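Please open the model in your viewer and keep the selection tool at hand. At each stop you will be told what to select next and what is there.

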Amino acid sequence: MGKPIASIVSAGISKFGVREGLYCRELFAEAAKEAFDSCPNLDPRRDIKALFVGMMSEAYEHQAHVAPLFLDWIGLLPVPAFRTEGACASSSVAMRTAIFSIASGAFDVVLVGGVEKMTHLNTTGVTEILGMASDFAFEQWHGISFPGIFGMMAVDHMHKYGTTEEQLAKVAVKNHEHGALNPKAHFQKRISVDEVLASKPVAWPLKLYDCCPRSDGASCLILTSPRIAKKFTDTPVNIIGTGQAQDTLGLFERNDFSSMNVTKLAAQQAYKMAGVEPRDIQVAELHDCFTIAEIIAYEDLQFCKPGKGGQLIDEGATKLGGRIPVNPSGGLKAKGHPVGATGTAQACEIYMQLTNQAGRRQVTDAQIGLSENVGGSASTGVVHIYQRGD
Amino acid sequence: MLADLPQPESSTFTNAGTNSLKTTTTVTARESNPPFILDEEGKIMPTIENFYNYCAIGKLMGVKCTSCGTLTCPPRGICQNCLGTGIEWVQLKGDGVLLTYTVIHFPPTQFLSLAPYAVGIVKLEEGPNLPAMIKNINFDHLKIGISLQIDFETAAPEEWPKWPRYFFKPRT
């Protein structure tokens, strides 16, 4: 097993969903306060040496320069604050930056998180801002939206492997089932395969219930050097593997639309660093922005062979109680996808799972977890591997 | 008309992977209708703006690396194969086959009036992939592998970006 690179000693997550009248700074403060309050041994002003925050776009809320703003709102001025942007993987990139800052010895305790405020805009407005993370000159300019990009991936996957619309629907059904057990989730309601199939078309073969919602929310973690983690908690979670890769912004400039090279490469790095195999993973949070993305992620992370993602969902292997539970939080699909918050929200869920704090959605005795977060049409991909540190 | 124009320096030119190109030429700004962006030597730079300037005169153009012969469309100033920066413009036929597609029902704001519309990624005969809308097609006829050809909108926006759009349609 690999050596701990950094340790999570506390986590906080705001309620995800339509948070009417609350803006990013307020949502971020809600998550940060929960992380502070869950860690009585932490004195935030004394201990936290830096903030790393992921947020996708200034356009949602007409607010840039957010790192000092959030830092101020949580009362931590004047320590350095860094913002990263990697579209829907913004806070996973923040997390890697934070990990490196700890590994380098620059800081021993940092706050890392992410946030986005989206629901005050209508669907077309949000579609347009999200679309900015695709290639403006050759995709957006020709009317290609993000659901459109993932729709094209789905068409290719279905053509190549015979994946069906029912299999896509089952991902949504599973994640809603899990979301119903998560009090912080945007949607806490079960849905049926028939409801998914009958929902309005968005970008064929993707229908409304194949798509994650636009949500408001924030998430954060207290990361420390593994050396001092036990000063803050008896049950830290160690990050033992991390990987990241990039790909073309435009989907069209790739050779294969039915897999995500960034996920494959990031996973290879993370598995190697952690010294674990795909079969060792006991719980995973994957990037199901659209149902097809979770199916593809199964394959790229080697939870199954290429083309067998549909079969894996058919078998129920990725449900709570299955061989490898995926998205016990409800995933982006049901927990919600405030894009900048998603990466660290995945890490929060794995932290809760590995410390037995996940309540009704607890995976029994999980020791090793994984998160996979992609940005845009998988132009950024980040994978983290975690292990119980007690 | 093109014969009158200065030809590229061909001595350093290697011809890897370019056999399928029907038309190979360097076009200078004399041909330009919209203002092309030129480098210090007066050559048309391999930029997005110039790619769309060519679209405005009904031409789909890519660039060929003068070091390794790699063809790139849309154009880039640095060859993704060898990092070379010498290029020459190459006209592409605009014929290709559909690699993947979707029909968009919930579009970004400016495309609302067009929905539902089909988009896809087309593999051009010469090699590169290009995404665009697919028009003049019954959605039931969309299928991976069908033959398509490019066409150009005649109008372009008046404010930035003034890029005229191209689209694909069933090959006639």
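Select chain B and look at how its chain folds back on itself: among its contacts (heavy atoms within 4.5 Å) with a separation of 6 or more, 52% are accounted for by residues 24 or more positions apart. What you see is a predicted model, in which local features need pLDDT of at least 70 and side-chain atom pairs count only at pLDDT 80 or more, while totals for chains, interfaces and linings use all residues. Residues are numbered from 1 along each chain as its sequence is written, chains are lettered from A and ligands numbered from 1 in the order in which they are written, and side-chain values use heavy atoms, with hydrogens and water left out.

Chain B has one helix and eight strands, and along the sequence they follow the pattern α-β-β-β-β-β-β-β-β. Of its 172 residues, 47% count as buried, a word that stands for under 20% relative accessible area, with exposed meaning over 50% and partly exposed in between (1.4 Å probe, protein chains only).

**The helix of chain B**

Select helix α1 of chain B, residues 48-56, in which B:N50, B:F51, B:Y52, B:N53, B:Y54 and B:C55 are buried.

**A three-stranded sheet**

Strands count as paired if DSSP finds at least two bridges between them. In what order do the three strands of the open sheet in chain B lie? The order is β2-β1-β3, and the pairing is antiparallel. The edges are taken by β2 (71-72) and β3 (87-92) of chain B, each with a single partner strand, so one side of each is left without a neighbour in the sheet. Select β1 of chain B, residues 60-65, together with β3 of chain B, and you have a pair that is joined in the antiparallel sense over six bridges; within this pair, B:K64 stands opposite B:E88. In general, strands of a sheet pair through backbone hydrogen bonds, either parallel or antiparallel.

**Where the chains meet**

Show both chains and select the residues between them: 31 residues of chain A are in contact with 34 residues of chain B. Together the two chains bury about 2900 Å², of which 69% is on carbon and sulfur atoms; buried area is the accessible area (1.4 Å probe) that two parts lose on being put together, summed over both.

Next, display the side chains of B:R76 and A:E253, which meet in a salt bridge (3.0 Å, N to O). The rule asks for a side-chain nitrogen of Lys or Arg within 4 Å of a carboxyl oxygen of Asp or Glu, and across this interface it finds one salt bridge. On the side of chain A that touches chain B, the elements giving two or more residues are α5 (123-131), α6 (146-161) and β5 (201-203) of chain A, and the largest share, six residues, comes from α6 of chain A.

**Inside chain A**

Select strand β8 of chain A, residues 237-246: eight of its 10 residues are buried, so this strand is largely enclosed by the rest of the structure. Three bridges join β8 of chain A to β1 of chain A (residues 6-13), the two running antiparallel, and A:A6 has A:I239 as its bridge partner. With β11 of chain A (residues 380-388), β8 of chain A pairs in the antiparallel sense over nine bridges, and here A:N238 stands opposite A:Q387.

Finish with A:T263, which lies in helix α9 of chain A, residues 261-274. Is this residue buried or exposed? A:T263 is buried, with a relative accessible area of 1%, and, leaving aside its neighbours within four places in sequence, A:T263 is in contact with A:D300, A:L301, A:E372, A:V374 and A:V383.

Key: Helices (H or I, at least four residues) and strands (E, at least two) are DSSP runs, numbered from the N terminus.
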